[in-house]
Amino acid sequence: MKESPRLPPETFALGRLASLLVLLGAVLYFTGWTYRWSYFGFFQLEVTTLPLPLESFYIAAFQVFFGSIQAFAHTIITIVLILGAVYCSLWLLEGQPSQRFQEGAKRSHRRLLASLKGQLQGDRTPKPPWLRLLFRLYHGLLRLLKSFLSFPLLDYQSLRFLRSLLDETIILCWLLTACFWLAQSRGEADAWRDAVNETSSLPVVTLVVREDTVPLGINPDEVRNPQGIRIIGDDLSYQQLLGGAINNPNQNRVWRLLIDVDGDYYVFPTLAQRQETRRPPVVVVPRSQEGDRLIILRPTLRRDVPELTP
């Protein structure tokens, strides 16, 4: 009998490397997506509604792992915790607890087989025909049960493959759980940083539009409410935003740009300080088809910008 041809070591190594790269890409995308989901969820935005490019999720994943010294330290701690959790899980499956369970199952299996063999031995066929029929049916069921329990399932390679697949599934579950926790906490921390004015890294925004085209801004020379509009929902929120449409650095009230998605501007007034029960409102300014809008971005406040001299 000829042996099946084996793959060369180079091909086997390339296959394992390709599988590792696919798994690494999936983990990075999952981490980046979770980070973006947590970050924009803080501002009550669904990441699925934002047409973000695919590569941005991979960049966000690297930001989660290596974005700062603190993030890198959290990554190292998470790796240590993953290794500990995987070791404990595999110990429960392969170590002494699993071996004790297997030994108990084998003893129960041998006792059940011995009991079935004892019941099948001897000739105790009853004389009445109807009892003889029931007795034969009973013996037939016992033989089927004995054959089922005697089946050498552990000798098949497919069962070993399933056992290996179970181990890899446990490792992957711990990895995804740790990445989810790390990305979620990092996304929420970055959102809090950007929501508070003094720590925000988002640019200060100035949105200039034609009069009466956006029912929120105010005239810097003449403060008045826009005419010809209607409101659905909380009118107090609208009045508060209307009264605070102009930056006031003395009160830490500064409008910043959260994200620009194909000309749709997501702007919000920052918080003066961190309060766990508060979230800044986000105003979505739709894109203009006429090019009659001007947006000015500045990474710093007015007091940090030197005045131009003639």
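**Exercise 1.** Is Asp194 buried or exposed?

*Solution.* Start with the cut-offs: buried means under 20% relative accessible area, exposed over 50%, and partly exposed in between (1.4 Å probe, protein chains only). Asp194 has 2% relative accessibility, so Asp194 counts as buried.

Before going on, a word on the model: it is predicted, so local features need pLDDT of at least 70, side-chain atom pairs count only at pLDDT 80 or more, and totals for chains, interfaces and linings use all residues. Residues are numbered from 1 along each chain as its sequence is written, and side-chain values use heavy atoms, with hydrogens and water left out.

**Exercise 2.** Find which residues Arg193 pairs with.

*Solution.* Step one: recall that a salt bridge is a side-chain nitrogen of Lys or Arg within 4 Å of a carboxyl oxygen of Asp or Glu. Step two: check Asp190, where the closest N and O atoms are 3.7 Å from each other, giving a salt bridge with Arg193. Step three: check Asp194, which also bridges to Arg193, with 3.1 Å between the closest N and O atoms. Arg193 is partly exposed at 32% relative accessible area, while Asp190 is buried at 4%.

**Exercise 3.** Describe the pair Glu276 and Arg274.

*Solution.* First, the distance: their closest N and O atoms are 2.9 Å apart, and they form a salt bridge. Next, the exposure: Glu276 is exposed at 51%, and Arg274 is partly exposed at 49%. Now for the other residues: salt bridges with shared partners link Arg186, Asp190, Arg193 and Asp194 into one network. The structure has four salt bridges in total.
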